[in-house]
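Q: Hi! Could you walk me through this one while I have it open on my screen?

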Amino acid sequence: GGWLLLQNCHLGLEFLGKLMDTIATTESISEGFRTWITTEAHPEFPINLLQSSIKFTNEPPQGVKAGLKRTYSSVTQDQLEVSNMPEWKPLLYAVAFLHTTVQERRKFGPLGWNIPYEFNQADFTASVQFVQNHLDDMDIKRGVNWSCVRYMIGEVQYGGRVTDDLDKALLNTYARVWFGEHMFSEKFCFYKDYVIPKGKTVEDYLQYIEQLPVIDTPEVFGLHPNADITYQTNLANETLSTIVSIQPKDSSTGGAESREAVVQRLANEMLEKLPPDYNPHEVKAQLQKMGAIQPINIFLRQEIDRMQHVISRVRTTLMDLKLAIDGTIIMSEELQDALDNMHDARIPKLWFKISWESATLGFWFTELLERSQQFSSWLQSGRPNQFWMTGFFNPQGFLTAMRQETTRMNLAKGWALDSVVLQNEVTKMMKEDVTGPPPADIGGVYIYGLFLEGAGWDRRNSRLVELAPKV
């Protein structure tokens, strides 16, 4: 009649099958017996065990109001009165607000944190305990040692999880702006209408938290309003993708065209438009004419090799898929994935692993044609006057090759590769205005295809400008 607790079972998936067999085959089990399993979401978790279990998910609440409410619901009156120092209650609330903020920023993805960190209740508890100990040991004449408080919160308690330099700078900025003598003034606020309440009981704080907005603007966390649009868009896309992925996969039995017929027709259309394979002998001959050992041509050879790999994989998959639909060969798991994804206008996993990200299969295939066209034109007609930067598999390699080439051209001037740095200049020319390479005395290359996120470009004054929120 006891309880069995198995933690972190995503690390021992092989054992779970034996566990399920043991539970299913054991004849006499006490009615009071329970097996409690903790695990992260994992695609290979045994589905039969998952379906026969009662699921319980514990996730951080959404929004500042919900986060603070959850935090203060676990704060007791004794904890609120554990210190008689006037700084204690405001500091406790500030740590709670910081705890909610660092968790809430995770939903914005890379806009919130470069790396998603698993901040949890232990970070909050440790920070609160430190603040309490610091106030207990504080010299009243000297007051709070704010440098120590900021360091412990920004570098140790929460910062101990942070590995990215920019993320650490962000966390230290929160500590610097929110923790200091200024936080006790009447004018202090985390953001407008988000202030430190004055209360004597936990109920006072909960009443204040209750009147906070249910939906927060991203500016509360120091983000641009457009961050919410990105979050909502990603959330909608993820929801719709999930709905599409669980729709019935059976063939149509009515008058509508079957899934297999739709995919077969699409496969035929894609095979007709797919570029021909690159002839390795022709590629080698053309590169010899242009100078096979020049860094920029070595880069071109590498890009063509990768492009050929994608074209071959796409052609093989499409041809095998047609044969599998006709019943000539067995429909493998990979071909089934290709069929399902192509029907849903998504990129098959086989192709995605060796290519690039794209919103839909249509955009992806169009980009395949455009990328191949750039390489073919470059190979047949010589180096282009401008380069589609985002059409490369390895754009960083392109920049490195350009630096190497520029350095070799200026060896007589004493240039060294290690000392050559890249400098960018946004011209006022449009793509159609470029009729030749940059002047020889300037050097470099013209590129296009870059995008800005969170900012706009003022062409007249050649500078970045604040981007107004989209509606």
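This is a predicted model: local features need pLDDT of at least 70, side-chain atom pairs count only at pLDDT 80 or more; totals for chains, interfaces and linings use all residues.

Q: Let's start with α8. How far apart are its end C-alpha atoms?
A: They are 20 Å apart. Helix α8 covers residues 165-178, and at 1.5 Å a residue its 14 residues should span 20 Å, so the two values agree.

Q: Which residues of α8 are buried?
A: Asp167, Leu171, Tyr174, Ala175 and Trp178 are the buried ones. They cover an arc of only 95° around the axis, which puts them on the same side of α8.

Q: And what sits on the face turned away from that buried side?
A: That face carries Asp165 and Leu166, which are exposed.

Q: What covers the buried residues of α8?
A: The cover includes α5 (88-104) and α7 (146-157).

Q: Which residue caps the N-terminal end of α8?
A: Aspartate 164 does that: one of its side-chain oxygens lies 2.9 Å from the backbone nitrogen of leucine 166.

Q: Can we do α6 too? What caps the N-terminal end there?
A: Asparagine 120 caps α6, with a side-chain oxygen 3.0 Å from the backbone nitrogen of alanine 122. The helix has 16 residues, 121-136, and reaches 23 Å from its first C-alpha to its last, close to the 22 Å expected at 1.5 Å a residue.

Q: Which α6 residues are buried, and what covers them?
A: The buried residues of α6 are Asp123, Phe124, Ser127, Val128, Phe130, Val131, Gln132, His134 and Leu135. Their cover includes α3, α4 (77-80), α5 and α7.

Q: Switching to aromatics. How many aromatic pairs are there?
A: The count comes to 30 aromatic pairs. One of them is formed by tyrosine 72 and tyrosine 93, which are tilted, with 5.9 Å centre to centre and 45° between the planes. This pair links distant parts of the chain, 21 residues apart: tyrosine 72 is in helix α3 (residues 64-73) and tyrosine 93 in helix α5.

Q: Are those two tyrosines buried or exposed?
A: Both tyrosine 72 and tyrosine 93 are buried. Tryptophan 178 and phenylalanine 190 also form an aromatic pair, edge-to-face at 5.1 Å centre to centre with 85° between the planes. Tryptophan 178 lies in helix α8 and phenylalanine 190 in the loop between α8 and α9 (202-210), so the pair ties together parts that are twelve residues apart in sequence.

Q: Why do tryptophan 178 and phenylalanine 190 count as buried?
A: The cut-off for buried is under 20% relative accessible area. Tryptophan 178 is buried because its relative accessibility is 4%, and phenylalanine 190 is buried because its value is 8%.

Q: Which residues form the aromatic cluster?
A: Tyr72, Tyr93, Phe97, Tyr174, Trp178, Phe188, Phe190, Tyr191, Tyr194, Tyr205 and Tyr208 form one cluster.

Q: What about charges sitting over rings?
A: Here are two. Lysine 107 lies over the face of tyrosine 231, at 4.6 Å from the ring centre. The charged end of arginine 371 sits over the ring of tryptophan 356, 4.1 Å from its centre.

Q: What does glutamate 367 contact beyond its neighbours within four places in sequence?
A: Glutamate 367 is in contact with Trp356, Trp388 and Thr390. Its place is in helix α16 (residues 361-381), and glutamate 367 is buried, with a relative accessible area of 17%.

Q: And glutamate 303, where does that lie?
A: Glutamate 303 lies in helix α13 (residues 295-326) and is buried, with a relative accessible area of 2%. Leaving aside neighbours within four places in sequence, glutamate 303 contacts Phe375, Phe392, Phe393 and Asn394. The C-alpha atoms of glutamate 303 and phenylalanine 375 are 8.0 Å apart, although 72 residues separate them along the chain.

Q: Last topic: backbone angles. Which residues have a positive phi although they are not glycine?
A: Among them are aspartate 193, at about 75°, and serine 462, at about 50°. For context, most residues other than glycine have a negative phi.

Q: Where are those two?
A: Aspartate 193 is in the loop between α8 and α9, and at 64% relative accessibility aspartate 193 counts as exposed. Serine 462 is in the loop between β5 (455-458) and β6 (463-466), and at 32% serine 462 counts as partly exposed.

Notes
Residues are numbered from 1 along each chain as its sequence is written. Side-chain values use heavy atoms; hydrogens and water are left out. Helices (H or I, at least four residues) and strands (E, at least two) are DSSP runs, numbered from the N terminus. The expected span of a helix is 1.5 Å times one less than its number of residues. Buried means under 20% relative accessible area, exposed over 50%, partly exposed in between (1.4 Å probe, protein chains only). The arc is that of the directions from the helix axis to the C-beta atoms. Contact means heavy atoms within 4.5 Å. A polar contact is a pair of N or O atoms within 3.5 Å; within protein, one must be able to donate a hydrogen and the other to accept it, and residues adjacent in sequence count only if both atoms are side-chain atoms. Rings of Phe, Tyr and Trp (its six-membered ring) pair if their centres lie within 6.5 Å; planes under 30 degrees apart count as stacked, over 60 as edge-to-face and the rest as tilted. A charge sits over a ring if NZ of Lys or CZ of Arg is within 6 Å of the ring centre and within 35 degrees of the ring normal.
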